Amino acid sequence: MKTKNKCSGSRAIFFLLAVVAASLLYSIYNSSSSMQFSGMLQHQPAIGTVINHVNASESNKQDDEQVKLLLKEIQRLKSQLKNVSQHAEAAIASKANEIPSTPPPAAPTTPLVQADVCESAFVQATSRQTPGLTQDSMRRSRANWGHPYRLAQVAQKLRQRKKPIHVVSFGGSITKSHGVELNMNIGSEGYTGLLEHWLNEEYPMPNQDERHRVHNMAQHGADICHLAKRMTTMLDFLNRTQNMKVPDVVTLEYAVNDYQGQDHVHYAVSQMDVFFQNFEDLALCAEVVVYKLLSSFPEASIMFVEFRSSILQRKTAQMLHMGVAQHYQVPMISYADAMLPEIFDLMYHKLNATELYTVPIGESIQPFPYGCHECRPETMIEQFRNYYNRTYSARKCLTVCDIMEESGHNCDMNALPPPGREYCFLELFSVDAVHPSARGHAIAKDFIVQALATAVKDDCQRQQLSDTQQSTISSAVAPQNLPLVGWLGTPNALLTRSNFALVEDAECEDAFCHVLKAANNTPGFQFTYDGGKFATKMGWIASNVDGGEVLEFDVDLPERPCYVVYLAILRSYWAGMGMMEVTVLDEVTGSERTVQLDSLWEARISVWSDNQLTLDDLPGCTGKCLVRVKTLPQVAERIGNKAKILTLSARECIKLN
């Protein structure tokens, strides 16, 4: 117990130090005025307190190299912060005491004609944005600006048009445009398709055979840990099949799914808390992905694209991603911050349950696209038109009444609206309460376009400056260096966690996927679908109430000192889920490790759940090993004994010493 508490305390202090270091980096990067310098100085007492506390109470942990590195980095940042603030204050004091004898010389200006060229190009590039979007929404969409260097490289390529750019979009079913009718003729398309269309319309290549590409690599239900295992394989696939040597832009859309797959779940009560079970694992996976991309592609622009559902109680993983974004100075585009405040204000303050969340006929309550507007069923795929099988035929799209019912508020979704009133159809949601409508995707594209077009305008204006002027802003576009220390993991650990030697999935939709094949199985374990409205993915499934069903997999990798083996299963709140024992047997050394897994949990969600079977500091598989799954008898008071196996994966162990 004593050892456990020591490790827990060290981990907590490490997490605190990581946040402090990220905050310092962000403050130093963003400081540009005396007011900001003053705000930066306020951090110093708190930082000193943290350092003193660690030195006083954690002196017995001096062997912890990561804590040492963090302390060293914070001291360096603190010193840098002090120097910067002292120079700023000295300059301000000196300026205040000056008695100007002659008017100061006018600052060199860019010729008006040249400036107009850059501004005109920007206006043209953003001219087809969704009507009605406010400047406030545009401002809020830039949740984190990040370091300008990488976006500047993309801007130069778009202006020069020597080579087409490649955008890679990772994400879940939102990025896969779930429910949206993909038909550009009626303006209905996912944000990735719309972005590709915009790139080729605004920055066409001289050679008509060449086109900018947006590669949609999203997978239904995937979270960022899912990506961390497969990213190298997916990028290699694009290299082989699409001639994409290096991505220019990579977008990451996981804010919804990183809250444990609430993608396809109505009542996710457990997601009302920010710090849910395993939240730190997801934050670490986000860092693994970002660090791998930044270190592998020094000039590629990495950006988070953050969505959220229309159910107010469900939070998103944007805060978890923000820690990574600030530490590594990665831009964050937030559709959630830009659009949802007005939507929630409409739903919870301007509509009411007594009137079934309806509006007077013909009224929108709020301006387009923030209010109640016309249903457009043609922009949804056929199966989602009138999805709820309502008796009231006029309700073909999702209504606010439907959303409030799904949120736990009572609203009769089949009732007729009160006399003189009609149901409110949100412009941003039409299929369900989670996935954006075609209009929602168009707006998400607008926010990404705004970031790219702004970078192009900035690059255009820099090119008009004299050499002297350019030298004064050279630091703003200097190459971005990775931080000396990680946020939650060491650089070595982050890279190791991104390089999986084996990933085999039961559900294989894509050409780069490797199917999970069993070496042996009893008749009660079948490779099949398991039915249900949302549970339609393939898997190795057993349901024998007596247990004893066995499933075995071979792991055959090059011999190494140590591999960590993982097994992903389906976990659900349904009382018919069962338990299993999983054993990893090293066929070379004879070592064996067994863990017990329960497919039932309290969270009201049914999702892919990964489990680490062997450890980094205790070799459990050196390359050739057997993974055996054995179901246990049905637990008393449960109504079934279902087990579903989804993914087998392995990576080399992290070198701890």
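Reader: What does the protein chain average in pLDDT?

Author: The model is predicted, and its protein chain averages a pLDDT of 81, with 75% of the residues scoring at least 70.

Reader: And where is the pLDDT below 50?

Author: Residues 25–63 are one such stretch, and in the model this stretch has 52 contacts beyond near neighbours in sequence. Residues 261–275 also have a pLDDT below 50, and for this stretch the model again gives 52 contacts beyond near neighbours in sequence.

Reader: Turning to the sheet of six strands, what is its order?

Author: The order is E1-E6-E5-E4-E2-E3, in an open sheet with mixed pairing.

Reader: Why is one side of E1 and of E3 left without a neighbour in the sheet?

Author: Strand E1 (142–144) and strand E3 (213–216) stand at the edges with a single partner strand each, so one side of each has no neighbour in the sheet. From one strand to the next, the twist averages 25 degrees.

Reader: How many bridges join E1 to E6?

Author: Two bridges join E1 to strand E6 (residues 332–334), and these strands run antiparallel. Within this pair, Arg 142 stands opposite Ile 333 in E6.

Reader: Which strands does helix H10 lie across?

Author: Helix H10 (residues 279–296) lies across strand E4 (249–253) and strand E5 (301–306). Relative to E4, H10 runs at about 175 degrees.

Reader: Next, H12 and H14. At what angle do they pack?

Author: Helix H12 (residues 335–350) and helix H14 (residues 438–463) pack at an angle of about 130 degrees, and their axes are 10 Å apart. Angles over 145 degrees count as roughly antiparallel and those from 65 to 115 as roughly perpendicular, so H12 and H14 are oblique to each other. Their crossing is right-handed.

Reader: Which residues make the contact?

Author: H12 contributes Tyr 335, Ala 338 and Met 339, while H14 contributes Gly 440, Ile 443, Ala 444 and Phe 447. Of the residues in this contact, six are nonpolar, one is polar and none is charged.

Reader: How many bridges join E13 to E18, and what stands opposite Glu 552?

Author: Seven bridges join strand E13 (residues 550–556) to strand E18 (residues 624–631), and the two run antiparallel. Glu 552 stands opposite Arg 628 in E18.

Methods
Residues are numbered from 1 along each chain as its sequence is written. This is a predicted model: local features need pLDDT of at least 70, side-chain atom pairs count only at pLDDT 80 or more; totals for chains, interfaces and linings use all residues. Side-chain values use heavy atoms; hydrogens and water are left out. Two strands pair if DSSP finds at least two bridges between them. Helices (H or I, at least four residues) and strands (E, at least two) are DSSP runs, numbered from the N terminus. Axes are lines fitted to C-alpha atoms, for helices over the stretch in contact, and angles run from 0 to 180 degrees between N-to-C directions. Contact means heavy atoms within 4.5 Å. Angles under 35 degrees count as roughly parallel, over 145 as roughly antiparallel, 65 to 115 as roughly perpendicular and the rest as oblique. A crossing is left-handed if the near helix is turned anticlockwise from the far one by less than a right angle, and right-handed if clockwise. Ala, Val, Leu, Ile, Met, Phe, Trp, Tyr, Cys and Pro count as nonpolar, Asp, Glu, Lys and Arg as charged, and the others, Gly among them, as polar. pLDDT is the predictor's confidence in each residue, from 0 to 100.
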